[in-house]
Every structure is written in structure tokens, then in C-alpha cells.
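Q: I'm new to this one. Can you walk me through it?

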Amino acid sequence: MSVSDDVGLGWPRWRRSWWYHATYYAQTWRGSVASTVLFPIFYLVALGVGVGHLVAKHHGLVDGQTYLHFIAPSLLATTTMQLGESESLWPVLAAVKWVRSYHAAVASPLEPRDILVGKLSWVTTRAFGTGVVYTIVIAAFGGLQSWWGLTLPLIGVLITLAFAAPFVAYAAAVQSDASFVAIYRFAIIPMFLFSATFYPVSAYPGYLRPLVQFVPLYHGVALARSAAFGHWPLLATVGHLTVLGSMSVVGFLWGRWSLQRRLVD
Amino acid sequence: MVDLVLTARELSKRFNEITAVDRVSFTIERGESFGFLGPNGAGKTSTMRMISAVSQPTSGELTILGLDPRTDGPEIRGRLGVVPQEDTLELELSVRLNLEMFGRYFDIPRSTLRERATELLAFAQLSERADDRVEELSGGMKRRLTIARALVNRPEILILDEPTTGLDPQARHLLWDRLYRLKREGVTLIITTHYMDEAEQLCDRLVVMDHGTIVATGTPRELIAHHSTREVLELRFDTDSHEDFHARLAPFAQRVEVLPDRILLYVDEGDDTLRQLHAERLTPMSSFVRRSSLEDVFLRLTGRTLVD
């Protein structure tokens, strides 16, 4: 029996895991595409046009922008954060505990790190796709004021990775999903509301402002605004990139450790 | 010249304080079907995970297909098929897609996979269910699909962990029949089970495991001949305590085992012994003569039954 043609060590192994996720998604994508396109339109109409009308009447511009243009980039940031969360917590616990598809994968030539890289590369692929759709919608509402706006999908990729990496690591380490709802209610939702998403950080009293900078999503929102408006304050930008980059790197290393423990040891 | 596909020497696996596998040694030849028989918690699954090149031994030497799992894990796993204790199928996807998607983990070209999936579906008697979602299948069908999936890379060794646990008798026999066919095709089978009939049916050679160690090795016939008598006389008395009969029955048998609900007498000719008992007015409420099985070997070696 010839087997040499099946060993196939030439193709980087993590890409096989990426392909597995992509094939799975290709079977189940229809619902998510509709919401990816429709959600930002609803959001920008309701908040940008509706609330924006009130803001314009009473206050005028926000940080020199119309309200719609001010909140449009934060929409991309919050959505890519939630993508990083929703694609990582339950699906990963299912893959290590309920459906056990990662256990099946480590019986093939894949190593735990191939599974991790495949997973994160797939989630960021989706983040890029979502980012492209959102960038087009934002542009259609006149929200891009610079060619830098074209980097918005990449900002989305970074935000998704910064959340997905630690969430994958965490989900691979726990025994039940009991904490996931708490994470959603007490971390994701507050971040969505309080990361200077709907108003500038100057709306907070002075003593609260430094606190906001501890919120990871704040850095994503700030980067997305920089991209949309083409305005990159050097020191702040380096800070934002460092925070999100560190979350990605630390999350990745933690994920390698926890998947190794869960699947192999 | 014996072609060994697997050699384990003094293999151990420890988890913190617990020793799951304690210095086991065995060899497996190409083309044979080799079994690990033992109760739950005997260390079978930990052993399987090591010889699947998934988990690393804590100590000892392990060679699989001439390779070292510490350094050549991906290459070894590319030549193995693994059927885990619990099915790990994608329930929302079709039967066929489950095979093809798993095949991509081995980097098998898509056109090859399409043909192979068709062959494997026929082998697993699932051709007509190819486009159904896996969640619609029965337990036996899912099990056969898991086996088909483990064959997608044409493995030289197929490792099955408790392959028929939870299946009804008909589904078990159907599955055994598929495994015989693989064996005839030259695939080396490695099977764990806590069913002695499964071990007797499927295994050319087996080891009996208990508390992480190997307590006996041989063919089913050798093990029975060496550790038990030819026949077993099973007796039930009208009593609250079978233990009371132990001393009175001992002179009639090579060995007596008292179980909660019955007494086993290990003898060469069960019917002769029964006649002697009647002659001595030791009349049981019911009696039954049978051949010795691996269950008796296990009871002899460990003092416990296989299935609690």
C-alpha cells in the first residue's frame, strides 16, 4: 500500500486548518452575510442619521465631525471586537469539549499550534471581509475623509486578533461555558458602550479619562477614527498599536500553551 | 523476518501525581490485530494516545513505523488512522463532506479525495446517506463513518479505542465484519476494549491491562489455557450468602470464585463435577457449564470482573 503521497508535509500545515474552517463557513455562510451587510446600514441610519439629527441641532459638530461620521469608525471597531469574541469562545469550547473536532485534528498530521494559527488566520480572514464591507458602507455614507480610510479593514483585523487570541486561549482552558455569558455582559457590552464609542473621551470627567485608556476597545476605536479621518497623532497611535499588538501576542502564546495542554498532554 | 510496526519499552505516562501507564512493554507486528483488554481506568486510553503519536510518553522508548514520535509526530500520524472513543464528527455537515474535509488535513488532493470518499462510503455501507447531515445518522452509522474517516489517508495502522461501546448487538456485528475486511487487506489493527467477546473475536494477540500495567500477554487461546481451566461451572444456591459455600465446594474444583450472585468453579469437565456435587447433596438452585473465556482470565489475574 503506497502512502507516501498522503503524508504531504510540503503544504504549511496550518493552512489545512484554515481551509477546514473556510469549508465549514462555506456551508453555513448565508445568514451571516446578510447581517454583515445590513447591520451597519441599520446602525448608521438609526444612530448616525437619527441621533445625529439631535446632536446637530443642540451641539453642532463632535470633534469637528458630524455625529454620523464620528460614530461610523467605532462601528467597525465594535463589530470586529465582537467577531473576535463570538468566533472564539463557544466555537473553541465546542471544538475541544463537545464536538471535539480539535481532538480529531491532532490525530492527523496537525500539531496544536497549526490548529491555533489556522483558527486565528481564519477569524482574521473573516474580520478582513467584514472590514471591507463596513468600509464600503461607511464610504457610502460619506464617512471616509482620507485615503487612509482604506486601511480600515486592516485595523479591523488587528482588533479581531487582539480579542480572538486571548479568548481562544481562555476557551481552550475552561471546562464549561458558565463564564462566557458573564464575559459578554460585563466585558464586551460595557466596552461597546464606554470606549468613547458614541461620544468623545472628553465627555468624561477628567479623573475618569485615564481609566478609559485601560479599556482595550478604546484603542481600537481610536485607531479606526484615525484611519477614517486620516489623522494619526504619533504617540497615541504607537500606544494604541502597542496595546492591541500585545494582546495579540500574549493571547497567541497563552493559546499555544492552553491548546497544547488541552489536546496533547 | 518479523516486521514490527510498533515497539514500546518501559513506556510510562504520568499526570502530576497519577501514574496512568506504568512501564509497559509490548511489540506489534505488521498485519496482526492487537488488543488491549482491561476495565475502564486501566490505562488503555492513555496508552492509545501515546501510540497514536498524540501525547508524549513521560518516560520509556516508543518506536512507531520505525520513527520516533517525539520528533516525527506529524509524519507518523500521516500514516495512522485513529478511531477515538467518542465520535468527533461535524454533525451539521454532510457525511461525504466529513470525509473530504478530514482528508484535507493530510494534504490529499481534492480529486483523489472525491474518489476515495466514494469508495469509503461504500465500505462503510453509507453510500445512500452520502448527502445527509451526520446528525441524522444512527449511532452505528456514525461509528462506521468515524472508521471510514480514519481510513481516508490509507493508514498502515488503524487504532480503535473502544470501537463498539454503546452499540446494539446488530451494529456491533456489522462493525466487526468491516474490521475483519480491513484485516484481510493487511491493515494492522490496534484495539482497546473492555468487552471480552470483542477481544476474543477480533484480536490475534492481546495484553491484559490493570492499574496501568500489563498483567498478561498472549493469544486469547494461550491466555485461557494458561490462566484458566477448560470449563467453568456456574452455580446458584438458594442462600443469602454464597460465601458460605466456598469451603465446601473447594475440594471439587481447581479454583473457586465467589461473585455476589453466583459461584464459579474452575474445572476440566463441568458436567462430571456437577454429578459429583449432586452425589454429595450439594444441589444448586441452577447450574450452567461453559467454556472458559477471557473474562475468567481477567478475574483470575485481578480478582475483579471486567464490566462492573
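A: One term to start with: two residues are in contact if their C-beta atoms, placed from the backbone, lie within 7 Å. The model is predicted, so local features need pLDDT of at least 70 and side-chain atom pairs count only at pLDDT 80 or more, while totals for chains, interfaces and linings use all residues. Residues are numbered from 1 along each chain as its sequence is written, and chains are lettered from A and ligands numbered from 1 in the order in which they are written.

Q: OK, how many residues of chain B are in contact with chain A?

A: 27 residues of chain B are in contact with 28 residues of chain A.

Q: Which helix gives the most to that side of chain B?

A: That is α2(B), with four residues. Both α2 (69-77) and α3 (95-104) of chain B supply at least two residues each. Helices (H or I, at least four residues) and strands (E, at least two) are DSSP runs, numbered from the N terminus.

Q: And what kinds of residues are on that side?

A: Eleven are nonpolar, seven polar and nine charged. Here Ala, Val, Leu, Ile, Met, Phe, Trp, Tyr, Cys and Pro count as nonpolar, Asp, Glu, Lys and Arg as charged, and the others, Gly among them, as polar.

Q: Switching topic: how many helices and strands are in chain B?

A: Chain B has eleven helices and 13 strands. Three strands form an open sheet in the order β2-β1-β4 (chain B), with antiparallel pairing. Two strands pair if DSSP finds at least two bridges between them.

Q: Which of those strands stand at the edges?

A: β2 (18-29) and β4 (59-64) of chain B do; each has a single partner strand, so one side of each is left without a neighbour in the sheet.

Q: How many bridges join β1 and β4 in chain B?

A: Five, in the antiparallel sense, with β1 covering residues 4-15. T7(B) has T63(B) in β4(B) as its bridge partner.

Q: What about the largest nonpolar core?

A: It has 144 residues, and A165(A), V168(A), A224(A), I159(B) and V208(B) touch the most other members. Helix α8 (residues 152-171) of chain A gives the largest share, 15 residues. A nonpolar core is a set of buried Ala, Val, Leu, Ile, Met, Phe, Trp, Tyr and Cys residues joined through C-beta atoms within 7 Å. Buried means 20 or more other C-beta atoms within 10 Å of a residue's own, with C-beta atoms placed from the backbone.

Q: How much of chain B is buried?

A: 47% of its 308 residues.

Key. Buried ≥ 20, exposed ≤ 12 C-beta atoms within 10 Å, placed from the backbone.
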